[in-house]
Amino acid sequence: MTILHHVPGSRSHRVLWLLEELGEPVDLRLWSLTGADLRSPEFRALSPAGRIPALEIDGQVIFESGAIVQYLTESRGRFAPAPGTAERLAYLEWLNFAETQANILQALNIHHIFLRPEAARSVPLMKLDTKRLAVTMQALETHLTGREWLLSEFSAADCMFGFNIDAMFRFVPRDGFPALGAWVARAQARPAYQRAVEKGGASLYAQDFYELPDA
């Protein structure tokens, strides 16, 4: 049995989505972002930095979502252009760009949702990270204009944005991002994405949009 160590609304959603696209049966083991669960010896034996996700598959344990996605596509032979083909470079670029954007989203999640009391938040950093997020969103908007997917067809590069898709418009308004918004809607309409949401649990967001606080 394939086992995905998962937190709802986290980076593990990108892996769960891809597993659903592949039709791979998976057993979910749920963990909490709060408390000491992810710092426990039990979990650190699976993921040394105590980070979600970790995947038990094919008699081994893989940590880091990017590595998991690459392993799944290569071992199953689907959803990624082969080395040496025309779209391979673009695939690798967007696969890694997803994590660049995810790091910004993680910082915004910490400030808007997890950091308490609110007085501990840094409003200048929140504003800076919101601007940085908008820059990454504009790069996606430019690339996706006239396209349905990041490559010529749906790929695991799209799945790598599984964490980002539910998050980016929580902090930056949709106005000015028609192509990006349409891509998000197409992704969320995929049956495999919807199954992943159903199996993986609710979003971590309690509201549709998070306004920047006053300085």
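**Helices, their buried faces and the loops between them**

Exposed means over 50% relative accessible area, buried means under 20%, and partly exposed lies in between, with a 1.4 Å probe and protein chains only. The model is predicted: local features require pLDDT of at least 70, side-chain atom pairs count only at pLDDT 80 or more, and totals for chains, interfaces and linings use all residues. Residues are numbered from 1 along each chain as its sequence is written, and side-chain values use heavy atoms, with hydrogens and water left out. Helices (H or I, at least four residues) and strands (E, at least two) are DSSP runs, numbered from the N terminus.

Helix H5 takes in residues 123-144. Its 22 residues should span 32 Å at 1.5 Å a residue, and the 31 Å between its end C-alpha atoms agrees with this. The expected span of a helix is 1.5 Å times one less than its number of residues. The buried residues of H5 are Val 123, Met 126, Asp 129, Thr 130, Leu 133, Thr 136, Met 137, Leu 140, Glu 141, His 143 and Leu 144. These residues cover an arc of only 160 degrees around the axis, so they lie on the same side of H5. The arc is that of the directions from the helix axis to the C-beta atoms. An α-helix has 3.6 residues a turn, so residues three or four places apart point the same way.

What do the buried residues of H5 pack against? They pack against helix H4 (88-114) and helix H8 (178-189), where contact means heavy atoms within 4.5 Å. Leu 125 also belongs to H5; at 42% relative accessibility, this leucine counts as partly exposed. H5 is followed by Gly 146, which has a positive phi near 85 degrees.

Helix H8 is one of the partners of H5. H8 has 12 residues and reaches 16 Å from its first C-alpha to its last, close to the 16 Å expected at 1.5 Å a residue. Ala 179, Leu 180, Gly 181, Trp 183, Val 184 and Ala 187 are buried in H8. The cover over these residues includes H1, H5, helix H6 (156-159), H7 and H9.

In helix H9 (residues 191-200), the buried residues are Ala 192, Tyr 193, Ala 196 and Gly 200. Down the axis of H9 they fall within an arc of 105 degrees, and therefore line one face of the helix. The face turned away from this buried side carries the exposed residues Pro 191 and Glu 198. Among the elements that cover the buried residues of H9 are strand S1 (2-6), H1, strand S2 (26-30), helix H7 (162-165) and H8. Just after H9, Gly 201 takes a positive phi of about 105 degrees.

A further pairing joins helix H1 (residues 12-22) and helix H3 (residues 65-76), whose axes come within 10 Å and cross at roughly 10 degrees. H1 is therefore roughly parallel to H3. The contact of H1 with H3 involves residues that divide into 7 nonpolar, 2 polar and 2 charged. Arg 14, Val 15, Leu 18, Leu 19 and Leu 22 in H1 meet Ser 65, Ile 68, Val 69, Leu 72, Thr 73 and Arg 76 in H3. Axes are lines fitted to C-alpha atoms, for helices over the stretch in contact, and angles run from 0 to 180 degrees between N-to-C directions. Angles under 35 degrees count as roughly parallel, over 145 as roughly antiparallel, 65 to 115 as roughly perpendicular and the rest as oblique. Ala, Val, Leu, Ile, Met, Phe, Trp, Tyr, Cys and Pro count as nonpolar, Asp, Glu, Lys and Arg as charged, and the others, Gly among them, as polar.

Strand S1 contains Thr 2, which counts as buried at 7% relative accessibility. Apart from its neighbours within four places in sequence, Thr 2 is in contact with Glu 24, Pro 25, Val 26, Asp 27, Leu 55, Glu 56 and Ile 57.

The loops hold some particular backbone features. Most residues other than glycine have a negative phi, and most peptide bonds are trans. A cis peptide bond joins Ile 52 to Pro 53, with omega about 5 degrees; Pro 53 lies in the loop between helix H2 (41-44) and strand S3 (54-57). Another cis peptide bond, with omega about 0 degrees, joins Arg 116 and Pro 117, and Pro 117 lies in the loop between H4 and H5. Asp 58, although not a glycine, has a positive phi of about 55 degrees and is placed in the loop between S3 and strand S4 (60-63).
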